[in-house]
Amino acid sequence: MDPSEVEFLAEKEFVKIIPNFSLDKIYLIGGDLGPFNPGLPVDVPVWLALNLKQRQKCRILPPEWMDVEKLEAMRELERREEAFAPAPSPYYMELTKLLLNHASDNIPKADEIRTLVKDIWDTRIAKLRLSADSFIRQQEAHAQLDNLTLMEINTIRQFLLDSLNCMYKLRSNRQPASAKSRLADY
Amino acid sequence: MFCEKAVELIRELHRMTDGQLPAFNEDGVRQVLQEMEALYEQNQADVNEAKSVGRADLIPSIKLRHCCLLRNQRCVVAYLYDRLLRIRALRWEYGSVLPANIRFHMSAEEVQWFGQYKKSLASFMRSIGGEEGLDITQDMKPPKSLYIQVRCLKDHGEFEIDDGTVILLKKNSQHFLPRWKCEQLIRQGVLEHVMS
Amino acid sequence: MDTHSYFPVTPGVGMEENFLSLDDILLSQERLPVRTECVFPRLGFLEKSSDSQDIAEGTKMEFPLWLSKGLYEKKRKVLSVELPKVYKEGWRTVFTADPNVVDLHKMGPYYYGLGSQMLHFDNPENPDIAKTLLQTFIGRFRRTMDSSQNAYNEDTSVLVGRLDCLEKVLFRSGQNGLNGFQSWEKGQASQLTASGLVLNYRKRKLVDVQP
Amino acid sequence: MSDALSEDGSDINQDDSQEEVMTPAELIAKLEEAWLNEKFSPELLENRSEVVECVMEQLTHMEANLQRVKKGDAKAGFHRMEIDRIRFVLSSYLRSRLQKIEKFFPHVLEREKSRGEGQPSLLSPEEFAFAKEYYANTETYLRAVALKRMPPNLQAVDMLKAVPEPCLDSFVFLRVKEQQENILIEPETDEQRDFVVDLEEGSQHLMRYRTIAPLVSSGAVQLI
């Protein structure tokens, strides 16, 4: 999967915005939004929030987890624990990038948040590589990965799945299939 | 050794890992087919001799030539098939009209295959969801914004946007256009997406 | 990248070859030392060192893998195939001790592919060969992964230089994952770009016209 | 604001032939599930033409409404953006399928041929037509250019054996939507033994596609 497609999924997450315009309810195919009243917070998907923000039609309220103290605590937990801690949000990386790139003026301590999120990401990716290696080494058949996010999975997906496939084939060498008609002998 | 020509065809394609299409090697294919004919004739002769005068000792050589025949067959078919996969890719990356320098690399039969592929794909796309149809060679990346800034990399002439407005795509001119309208021209290298 | 539309037939990996895979065809072109166990009449010209009309029984020569596989029969042997050195016990011990020290490109470059294919020929050592192939792959996995993930924007030629063909493919798929992520991070993922094919054809056109 | 956009276009609710009543939002969710499943499953999944048709209907309906809207209407832009997003998922979904149909065409057609009565078809009628044409086109081409010029005993290639099959033993990542108990995991090596796992709702796993393939078709798990 292309990372832009993971980001596309992240854009469906809802954020609170404070609009500076008024508009009736909109009946989108995917559900109703609004009504919009100046100064009154309303939930909209990120893709819409960013569009409004670009046109200076709203202020975006950062999601609850996008907060220096909370993220610091999560970073400590992530560094302390061997297993994956619960992610700040299933789309923490994508939302951080999107909101900080397009609405940093609405997010207090944006630079600190960027660094913290990157730290959390790096710690988790290092763990991910470690578990991938142990999965291969132990030749395991199943792993539970509850707290991994889609973007994290996506960075290693093709490599890990291809490797597992190769390993499977090499393992099948040890129990050669019997009389199967072989076309590609020549 | 036999089958050297056949493997040469494969190497020629394999060297172009990024999916580019080298010129169809008509001569190479013909030479492989000639080698196959010669191998087959020699085998026919040996088989007859083995039967009529009981020369069972010819069998290993017959078998060896047969292996070579199968190898040649595999190489030629794989060569042709891989080229089809590359030609298929052209439909998705260029659109249905190919530039002359690429068409030039295709054999007449490949051009025919491509024509049929285009037709099948078009009727598939036309049939999606009733009368409307859907062009699935567009929307290759998730949408970001409705309009994008583009720069013209070469003179392309007049271009109609959805509301009927016609604009002139002149080299180095910049435009703010509906994203879905320019996707294909960007892929073809006529326009360049300018990021803000 | 997802937008790239050329999807070649993948190699079979292991004992099975894919008929239409260019990679497998080139793998099966690898040459093996063989000894003929019968006379091949009228094919003497294949053996350059002699000018006899036939290939004599007991001749040592090199056959490509595909031909060795095609001629090989357990019941009526027309040739015996010798195991390439790298799969013999001596080397197997080296691999078992530390798979990471070996330059598999030099030893291969189809170390896993050819090794798996050798299992088609009857050999009492086959179970050990199969085991070593698997253990070598597992033992080198971490290295392949780490280098493919950390080597962004660095010169990867030295790293890649020591990988076997199969590992090289994995290395590239690891790098694609990383590059994709990093270009997303830099905000390039949503930029619409010209097709890689188009760019390359254009490059070639430029090269073509140069004197 | 024009009235055209205020009716939410939920005509499919009134369609009696529809077995379950779905809201447009649920329909879009179904499309996204199908999209991700198709993207990540090694084999071609059963077609969801009913979803595709309904989504197309929604899009057409919305486009038609937008035609009636004045230029510069604030809501029109939102609707257009949503249409673009849905159209992307729909196109990407159909592309994934077409790609697999081309990759596995002899096997896909073989399965269609051996399909028992009442068994659902993998291919939509349009995809079936495409697959047949692709097969015929390719076979005709190979015959004309090479095979018919080869010796008589070499003029055929069994496409079923020549074109690789999907590898159901591939590993996949998945999220559980409906709790499953006692899923048998086969061992990877001789030294291991098989064991069972419970798949809790909301949990995520890495395992072989073959083990959970039926759960993908039933919708109990989502590939991710």
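These are my notebook entries on a predicted model.

**Entry 1: where chain C meets chain B**

I began with the contacts between two chains. I found 37 residues of chain C in contact with 41 residues of chain B. Next I asked which helices of chain C each supply at least two residues to that side. They are α1 (22-27), α2 (65-71) and α9 (196-209). α9(C) gives the most, with eight residues. I then sorted the side of chain C that touches chain B by class. It has 24 nonpolar residues, 10 polar ones and three charged ones.

**Entry 2: an annotated span in chain A**

I looked up chain A in UniProt. An unreviewed entry there lists residues 65-167 of chain A as "domain: GINS subunit". I checked this span in the model. Residues 65-167 of chain A are 69% helix and 3% strand. The end C-alpha atoms of the span lie 40 Å apart.

**Entry 3: the domains of chain D**

I turned to chain D. The domain assignment gives domain 1 (3-103) and domain 2 (167-224). How many residues of domain 1 of chain D are in contact with domain 2 of chain D? I got nine, and they meet 10 residues of domain 2. The side of domain 1 that touches domain 2 divides into four nonpolar, two polar and three charged residues.

I read 17% helix and 42% strand over residues 166-224 of chain D. The end C-alpha atoms of that span are 19 Å apart.

**Entry 4: helix α5 of chain D**

Helix α5 of chain D runs over residues 125-145, which is 21 residues. At 1.5 Å a residue, α5(D) should span 30 Å. Its end C-alpha atoms are 30 Å apart, so the two values agree.

Then I asked which residues of α5(D) are buried. My list is E127(D), F130(D), A131(D), Y134(D), T138(D), Y141(D), L142(D) and V145(D). These residues cover an arc of only 105° around the axis, so they sit on the same side of α5(D). On the other side of α5(D), I found P125(D) and A136(D) exposed. What covers the buried residues? The cover includes α3 (59-94) and α5 (108-126) of chain B. It also includes α3 (74-103) and α4 (105-113) of chain D.

**Entry 5: backbone angles**

I kept a rule in mind for this entry. Most residues other than glycine have a negative phi, and most peptide bonds are trans.

- The peptide bond from G34(A) to P35(A) is cis, with omega near 5°. P35(A) lies in the loop between β3 (31-33) and β4 (42-45) of chain A.
- G108(C) and P109(C) are also joined by a cis peptide bond, with omega about 5°. I located P109(C) in the loop between α4 (104-107) and α5 (111-118) of chain C.
- Q139(A) has a positive phi, near 50°, and is not a glycine. Q139(A) is in the loop between α5 (110-137) and β6 (142-144) of chain A. I counted 17 C-beta neighbours inside 10 Å, so Q139(A) is partly exposed.
- N182(D) has a positive phi too, near 55°. N182(D) lies in strand β2 (residues 180-185) of chain D. Is N182(D) buried or exposed? N182(D) is exposed, because I found 8 other C-beta atoms within 10 Å.

Definitions and conventions. Residues numbered from 1 in each chain as written. Chains lettered and ligands numbered in written order. Predicted model: local features only at pLDDT ≥ 70, side-chain atom pairs only at ≥ 80, totals over all residues. Contact = placed C-beta atoms within 7 Å. Helix = DSSP H or I, 4+ residues; strand = E, 2+ residues; numbered from the N terminus. Nonpolar A, V, L, I, M, F, W, Y, C, P; charged D, E, K, R; others polar. UniProt positions renumbered as here; feature names shortened; annotations may be inferred. Domains from an automatic or database assignment. Buried ≥ 20, exposed ≤ 12 C-beta atoms within 10 Å, placed from the backbone. Expected span 1.5 Å × (residues − 1). Arc of directions from axis to C-beta.
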